[in-house]
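Student: I would like to learn how to read strands and cores. Please take me through them step by step.

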Amino acid sequence: MHSDMIGKIEKARRYAMEPERFRFDALRVTVRGNNGGDHEVVLDGDRWQCTCEFFAGHGACAHTIALELVLEGMLPAGVTPVAPVAPVTAVAS
Ligand SMILES: [Zn+2]
């Protein structure tokens, strides 16, 4: 292999270990759901879309949140952060 390319591969390995170098501005991913159905998730700028029914009603779903977790630190600043877990409320006795 050409020595120039060896140097590029070594550099690429270092880059690959530094996720802060990457910003996903757009992507299209097929996510396999638990019930065997595929869901198409799209990120366009700072907006998610998913073809599942839950997303249509809530604007977020397990598929988009999973991708936020996978791509943590590599999404544009405006992308909706992972939905906070609802606080546990004490049941009045
Ligand atoms: Zn979904």
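Student: Which residue in strand 2 is the bridge partner of Arg28?

Tutor: Val42 is the bridge partner of Arg28. Some ground rules come with this. The model is predicted, local features need pLDDT of at least 70, side-chain atom pairs count only at pLDDT 80 or more, and totals for chains, interfaces and linings use all residues. Residues are numbered from 1 along each chain as its sequence is written.

Student: What counts as a strand, and what as a pair of strands?

Tutor: Strands are DSSP runs of E with at least two residues, numbered from the N terminus. Two strands pair if DSSP finds at least two bridges between them. Here strand 1 (residues 26-32) and strand 2 (residues 38-44) run antiparallel, joined by seven bridges. They form a hairpin with five residues between the strands, and Gly36 in the turn has a positive phi of about 85°.

Student: How many bridges join strand 2 to strand 3?

Tutor: Four, and strand 3 (residues 47-50) runs antiparallel to strand 2. Val42 stands opposite Gln49, while Val41 has Cys50 as its bridge partner.

Student: Which residues make up the largest nonpolar core?

Tutor: A nonpolar core is a set of buried Ala, Val, Leu, Ile, Met, Phe, Trp, Tyr and Cys residues joined through C-beta atoms within 7 Å. A residue is buried if 20 or more other C-beta atoms, placed from the backbone, lie within 10 Å of its own. In this model the largest such core has six residues: Val41, Leu43, Trp48, Cys50, Cys61 and Leu67.

Notes. Buried ≥ 20, exposed ≤ 12 C-beta atoms within 10 Å, placed from the backbone.
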